[in-house]
Amino acid sequence: MARITLSQLRHSYLPNPKGPDDYVLKDIDLDWHDGGAYALLGPSGCGKSTLLNIISGLLAPSEGRILFDGKDVTDLPPEQRNIAQVFQFPVIYDTMTVYNNLAFPLRNRGVDEAVVKDRVTKIAEMLDVTEMLQKPAAGLSPDNKQKISMGRGLVRDDVNVVMFDEPLTVIDPHLKWTLRSKLKELHQKVRATMIYVTHDQTEALTFADQVVVMEDGQIVQIGTPVELFERPTHTFVGHFIGSPGMNILPCNVQNGQALFEGHTVVLEGPIEAGTVDQGAGLTQIGIRPEFITFGATGVPATVRKVADIGRHSVVDTVVGETLIKVIVEGAAPVQGAATHLRFDPSKTRLYRDGWIATQALEAAE
Amino acid sequence: MTLELRNISKQVGGVCHIKPTTLLLKPGHFNVLLGETGSGKTSLIKLMAGLDPVAGGKILMDGADITALSTQKRNISLVHQFFVNYPHMTVFDNIASPLKLAGISGSELQGRVEEAADILQIRPLLARRPQELSGGQQQRTALARAIVKQSKAVFLDEPLANLDFKLREELREQLPVLFAGRGAVVVYATSEPEEALLLGGETALISDGRVSQFGPTSELYHRPHDFTSANVFSDPPINAAQITKNGTTAHLNPETSWELSGDAAALRDGIYQVAVRPNHVAPVKTQTACVPLTGTVLVTELSGSDSSAHFSIGKDVWVSLAHGVHSYEIGAVHPFYLDPTKCFYFAADGQRVA
């Protein structure tokens with residue numbers, strides 16, 4: 001297994017790219033440690049699949065280098081990069097048994113049959129497919145087929161990295177959680193470097209120790225699941241992670257304070273000086289629906305809609321023209337009610353041109 | 001406008017796919033069909049749309065029997081999980097196609113297509129072809145075609161299932177607004193309990209080709225009639241175990257018991273099934289979640305703001321779902337706390353008794 005370094009990667013599908021808009025990947029720098037579980041998370045079109053294809057060697061980047069354990073592999077073809085890949089749709093041989101499917105990547109490399117047997121047995125056990133080993137792959141359900149595909153990706157212990165490209169797309173929603181957790185468990189057992197590409201936050205956060213969030217060809221945050229939820233460093237991360245996502249409210253900055261609809265909003269800490277004056281650029285307040293409560297004082301708001309989603313309610317409120325979502329457990333105010341919103345100051349941040357611009361007070365610790 | 005199903009059923013090769021089903025579907029809100037893949041949602045929609053013949057029973061639209069009418073004559077729209085558009089036509093012509101079939105042309109056609117495109121925010125794309133669009137834009141095109149017609153009934157069969165998570169969130173908010181005030185009966189099939197709750201309206205819980213319960217969505221969630229309904233309406237699956245009721249105490253196992261109140265306390269002594277949703281099994285003790293359960297952590301999951309843990313107690317597997325990020329060590333023994341005020345109790349026949 002290997003450490004993977006991406007250095008100043010840029011990619012454009014155009015022959016003569018000019019401005020940043022011509023690039024689908026804009027200056028990617030990343031260092032992935034040996035044996036880590038990583039996710040690349042972002043919406044369709046954010047560049048995550050392009051990045052995956054560049055790592056696997058299916059695509060040559062316009063600029064930049066890819067290193068495995070410090071060795072430059074940018075010019076190596078896919079077959080020399082020693083990578084295992086699991087795709088959206090199961091890739092297995094229907095005419096073979098499950099055992100032979102799992103053994104295939106090993107036999108292909110001339111691995112000794114005794115070792116093949118040992119590896120296949122171990123992987124089958126981890127995937128709970130031992131009792132299917134002698135069955136033909138053709139008759140398996142889609143989720144079992146995809147399990148076998150995953151097994152084929154994991155059966156070799158000499159690969160540099162195992163990459164999963166939206167591997168749960170074909171899986172029934174009710175079975176997804178078992179495979180999601182299975183993959184996490186597998187990583188803990190085999191400790192291979194794994195990269196998981198998805199647009200699904202639950203899949204990414206469940207699987208990865210470190211999640212790389214991408215938007216529009218750039219990395220907007222790299223962090224643990226807790227960091228992404230608790231302290232998004234970009235408004236996109238706040239929006240994309242969590243359901244509903246973070247409220248992003250327009251505001252003005254005056255004398256180091258944030259003003260929203262005429263109300264002073266207390267932030268987690270001091271506002272960092274902008275590149276120009278404080279207050280320059282587009283300023284917004286970010287606060288998650290989970291960190292707002294109703295009270296007798298605070299920012300006056302009107303309740304527009306209440307959705308009881310069982311374990312909590314999602315309350316749509318409006319302040320002036322701005323919609324603010326609040327998650328409340330237990331009794332929710334009724335539609336049309338006048339109320340006040342209280343923002344948890346330690347979870348309230350200022351963003352300037354999308355990027356976080358407040359200092360966390362505990363950061364000094 | 002109403003759509004009424006009276007004892008409709010479906011058989012394929014002598015096998016019953018849809019058991020006799022009676023439902024009265026009304027306009028003004030979403031009518032959600034909630035059930036797992038393969039439970040019969042699509043089969044039921046096909047019967048209502050006239051794409052499959054019923055084995056028995058009647059379908060009435062506004063009181064008139066339409067059971068024998070072809071799909072074309074039922075004045076309905078259908079949107080599938082997979083984006084279905086005509087690849088050789090522009091977005092404009094795709095949206096216009098049902099109007100052209102209805103003999104509408106000229107400025108009325110133009111106006112109605114543009115209005116639908118505006119609602120779905122695809123007006124700048126009208127000259128493009130479907131393959132030049134993203135998945136979300138293709139599905140918006142299919143939705144525009146479904147609303148342009150002003151049909152009496154609209155069937156949406158898992159229309160968001162193949163879209164990105166965030167796009168799904170956005171469209172799910174827009175859909176009820178889109179159909180509000182149109183007077184059409186809207187039927188929406190989904191396999192996700194949370195989606196049903198977010199859409200609100202009324203829900204039919206479907207399991208094994210049968211509607212187990214029908215009524216206001218949140219009512220069904222909070223007051224399931226039987227175990228099947230409680231289970232269909234839970235993701236992750238609802239926790240279920242056997243208890244022995246003795247006096248006013250429920251015994252789960254020799255170590256775990258709790259006091260019963262209300263209807264549950266009044267039950268005859270004996271064995272019952274208890275079910276409790278994962279969000280009422282907490283990883284930390286609270287005022288209400290107070291009955292300690294000790295389990296071995298099997299797997300854990302994290303979504304944006306929720307943590308779940310699957311753990312075993314003896315042979316039973318339980319799930320806890322909590323707000324915030326909780327870390328668990330797989331294989332470790334961890335305390336969990338059950339909220340006894342949120343338990344459902346079922347008799348041997350599966351009917352809820354408390």
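Start between the chains: ten residue pairs are in polar contact between chain A and chain B, both residues at pLDDT 80 or more. A polar contact is a pair of N or O atoms within 3.5 Å; within protein, one must be able to donate a hydrogen and the other to accept it, and residues adjacent in sequence count only if both atoms are side-chain atoms.

This is a predicted model: local features need pLDDT of at least 70, side-chain atom pairs count only at pLDDT 80 or more, and totals for chains, interfaces and linings use all residues. Residues are numbered from 1 along each chain as its sequence is written, chains are lettered from A and ligands numbered from 1 in the order in which they are written, and side-chain values use heavy atoms, with hydrogens and water left out.

**Stop 1: chain A against chain B**

Select the contact residues (heavy atoms within 4.5 Å). Chain A brings 33 residues and chain B brings 30 residues. About 3,100 Å² is buried between the two chains, with 54% from carbon and sulfur atoms. Buried area is the accessible area (1.4 Å probe) that two parts lose on being put together, summed over both.

Now pick A:Lys325 and B:Glu173. They form a salt bridge, with the closest N and O atoms 2.8 Å apart. The rule, a side-chain nitrogen of Lys or Arg within 4 Å of a carboxyl oxygen of Asp or Glu, finds three salt bridges across this interface.

Next, colour helix 5 (173–190), helix 6 (201–207), helix 7 (225–230) and helix 8 (235–240) of chain A. Each supplies at least two residues of the side that touches chain B. Helices here are DSSP runs (H or I, at least four residues), and strands are E runs of at least two, numbered from the N terminus. Helix 5 of chain A gives the most, with seven residues.

**Stop 2: domain 1 against domain 2**

Stay in chain A. Select domain 1 (4–235) and domain 2 (243–356). These bounds come from an automatic or database domain assignment. The C-alpha centres of the two domains lie 37 Å apart. Domain 1 puts eleven residues into the contact, domain 2 puts in 14 residues.

The two domains bury about 1,100 Å² between them, 56% of it on carbon and sulfur atoms. Show A:Phe229, A:Arg231 and A:Thr235. In domain 1 these lose the most area to domain 2, together 47% of what that side buries.

Zoom in on A:Arg231. Its side chain meets that of A:Glu268 in a salt bridge (2.8 Å, N to O).
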